[in-house]
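Please read the following report alongside the sequence and the coordinates.

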Amino acid sequence: MKLKHTVAALLAACTLAGAQAQATSQTNVPGPVTAPPGWVLDWSDEFDGHALDHGKWVEETGGNGWGNQELEFYTGRPENVRVDGGMLVIEARKEDYGGRHYTSARIKTQGKMERTHGRYEARIKFPRGQGVWPAFWLLGANVKEAGWPRCGEIDIMENIGREPDLIHGTMHGPGYSGENGFGAPQKLEHGIYADDFHVYAVEWEPGEVRWYRDGILYHTARPDLVKGDWVFEHPFFVILNLAVGGGWPGNPDAATVYPQQMLVDYVRVYKQAR
């Protein structure tokens with residue numbers, strides 16, 4: 001029995017060492033696609049290929065500040081967005097491009113995958129440093145017609161570099177947008193978020209949205225709780241981006257090292273089981 005346990009321990013150690021040797025992460029150990037109770041898988045990207053799947057995602061490009069005084073120019077170059085080692089890599093770089101001094105990437109499912117309600121989940125490892133701003137969020141598909149914030153916005157997860165052990169889950173709509181968004185923070189029990197992968201999710205049902213980190217419920221929104229119109233009963237699409245600077249996180253400082261990477265193991269969208 002002792003020999004068997006020793007062999008098993010060595011095999012486990014080798015497996016762990018192999019996972020830790022991945023070029024893009026020291027802690028990525030992908031999990032199986034297992035639907036949470038009450039949900040069935042509807043759409044996903046496991047990022048197991050060799051390039052971004054343009055049947056699922058669209059790159060947004062430009063360097064106009066994006067309404068947040070951001071400093072980067074978003075590109076579709078492989079230097080900024082690629083699939084490598086079984087995950088999506090969004091990389092922020094300090095370089096002159098398009099009249100800006102930083103580059104990064106922002107991708108969305110607009111026109112590809114738009115849903116009303118569901119469980120939206122991603123396993124993500126953050127970058128670190130003052131001025132970095134990774135986000136996983138949903139935007140109303142009627143944004144061009146209704147405008148923001150009447151289209152609605154659900155920020156599943158945001159982190160700003162100066163708060164390494166906090167994430168924020170926030171909802172924006174008419175009467176509760178920007179710095180007045182209806183949200184809550186979630187503090188990591190030990191260490192900082194950039195040290196490891198975590199699972200971020202919302203469960204969005206008629207009249208209610210719930211926020212989770214690693215299965216921990218930390219925020220709930222309903223029409224009776226928000227300070228304005230409830231605009232969350234129509235299709236939304238997914239956005240993943242890594243911003244540099246902005247009015248909320250502030251600008252990078254001399255201690256912020258580049259490049260920085262936001263690593264996404266998967267994005268999964270579930271619908272309620274019938």
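The sections below cover the basis of the model, the overall chain and the setting of H172.

## Basis and confidence

This is a predicted model, in which local features need pLDDT of at least 70 and side-chain atom pairs count only at pLDDT 80 or more, while totals for chains, interfaces and linings use all residues. Residues are numbered from 1 along each chain as its sequence is written, and side-chain values use heavy atoms, with hydrogens and water left out.

The mean pLDDT (the predictor's confidence in each residue, from 0 to 100) is 90 for the chain, with 88% of its residues at 70 or more. Over residues 1–28, however, the pLDDT is below 50, and this stretch has 26 contacts (heavy atoms within 4.5 Å) in the model beyond near neighbours in sequence. Where pLDDT is low, the predicted coordinates should not be read in detail.

## Overall chain

## The setting of H172

H172 belongs to strand β12, which spans residues 166–172, and is buried with a relative accessible area of 7%. Its side chain makes a polar contact (a pair of N or O atoms within 3.5 Å, one able to donate a hydrogen and the other to accept it; residues adjacent in sequence count only if both atoms are side-chain atoms) with the side chain of D155, at 2.9 Å. A polar atom of the H172 side chain also lies 3.1 Å from the backbone nitrogen of G178.

Leaving aside neighbours within four places in sequence, the residues in contact with H172 include W148, P149, S177 and F232.

Definitions and conventions. Helices (H or I, at least four residues) and strands (E, at least two) are DSSP runs, numbered from the N terminus. Buried means under 20% relative accessible area, exposed over 50%, partly exposed in between (1.4 Å probe, protein chains only).
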